[in-house]
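Have a look at the model first, then read on.

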Amino acid sequence: MQRKLYEEDHELFREVAQEFNAREVAPHYAQWDADHMMSRQLWTAAGEQGLLGLAVPEDFGGMGMTDYRFRAVLDEEFAKANHLAVGLAFHLHDDMVLPHLLAFGSEELKGRWLPGMVSGEIVTSVGWTEPGAGSDLRGVRTKAVRDGDDWLISGQKTFIGNGISGDAALVLARTDGGTGRGAHDSYSLFMVAKGAGYSTGRQLDKMGLKASDTAELFFDNVRVPNADLVGELGNGLEYAAAALPQGRLAIAVASAAVARSVYEATVTYAKERNAFGERIIDFQNSRFVLADILTEVEVTEGYVDRAMLAFNDGELDAASAARAKLWASDRVKSITDRCLQLHGGYGYILEYPVAQAFLASRLLTIFGGTNEIMRDLVGRGIAQ
């Protein structure tokens, strides 16, 4: 069935994204994957092409493109090109950090951070997860203590994408002086720039998406001006909850894009590869598997497309975003597994896109809140 989500402007933007992938990413991606690090030049090149901070208003250097379909086009093109780690790195910057600054940051804070984020001169990460606190943000122990007009932040974060390559992190820290499990108003958000007391630990060796660096972060009395407090004191968890629908929508969009890409690559492979004198696709089992996968891909695209339109209309609530993320990420995990099986031994070789997609998709049921948390969130809404 033909998708009717995109209009002419989106397809013109797609051409820009395709050209960017071909010119700036494809020649270097294999080396970045081997190095576990992307070049900083990639970020400034993306800024020059207008691919970062699409929703940032013109007053702060952006284009004010709040239509989420443009971000979806970018994710689809990263998936088609098998540049999945770039998609992840940009997602952290644009779908996790940026919404908090746009929605809750003061004009002074926006002026300090947004222009650099749009140009690619400032790369950001999300400093929420800790060794003892993943999806449960009320378990965060990093603390911020007032010191005159500044704050002193101390603590540890882990699983931080862009942690080494980034220039700053959006940090969730406890500001009520308490210990133990926090209350709803115990936490605040800060933009924390790298500087004295801000250090990165070892680079974590992930299963997949290796070109996107992931690390631990350590804060030892890092001095942060009060101007870099995002919004009001004590509202950190409220802000995180308000911005999570966009982050989870982005995961659903990426999941749908990877599912479509790996399905199409598998059909091509099954038509070209022979076994026992026949094409792989001529075996009934192969056709049955691909028929199921195509149906799941189209259902997932339709569901995620509806979620995108709801987001554009300001109607995507937390439970709806959780359902979209839950469905799409579960589907892509299953789809990539079955597609890898149809590739046989070649599917286990990392130079094949299906192997890369298999490893990348495994993150999507964990990232942005595990799917167990998604089920609990949706289930609690049903039980009310």
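## How H1 meets H4

Helix H1 (residues 8-25) packs against helix H4 (residues 69-80) at an angle of about 35 degrees, and their axes sit 9 Å apart. Helices here are DSSP runs (H or I, at least four residues), numbered from the N terminus; axes are lines fitted to C-alpha atoms over the stretch in contact, with angles from 0 to 180 degrees between N-to-C directions. The crossing is right-handed, meaning the near helix is turned clockwise from the far one by less than a right angle.

On the H1 side, the contact (heavy atoms within 4.5 Å) includes Phe-13, Ala-17 and Phe-20, while H4 brings residues including Phe-70, Val-73 and Leu-74. By class, the contact has seven nonpolar, three polar and six charged residues.

## Where the model comes from

This is a predicted model: local features need pLDDT of at least 70, side-chain atom pairs count only at pLDDT 80 or more, and totals for chains, interfaces and linings use all residues. Residues are numbered from 1 along each chain as its sequence is written, and side-chain values use heavy atoms, leaving out hydrogens and water.

## The largest cavity

The largest cavity (grid points, 1 Å apart, where a 1.4 Å probe fits but cannot get out; lining residues have an atom within 4 Å of a point) holds about 210 Å³ of space. It has 18 lining residues, and the closest to its centre are Leu-84, Gly-87, Leu-88, Ala-254 and Leu-364. H7 gives the largest share of the lining, five residues. The lining splits into 14 nonpolar, three polar and one charged.

How values were computed:
Helices (H or I, at least four residues) and strands (E, at least two) are DSSP runs, numbered from the N terminus. Ala, Val, Leu, Ile, Met, Phe, Trp, Tyr, Cys and Pro count as nonpolar, Asp, Glu, Lys and Arg as charged, and the others, Gly among them, as polar. On a 1 Å grid over the protein atoms alone, a cavity is a set of points where a 1.4 Å probe fits but cannot get out, and a pocket is an open set with protein on both sides within 12 Å along at least five of seven lines; lining residues have an atom within 4 Å of a point. Grid points are joined across faces, edges and corners, and a volume is the space filled by probe spheres set on the points.
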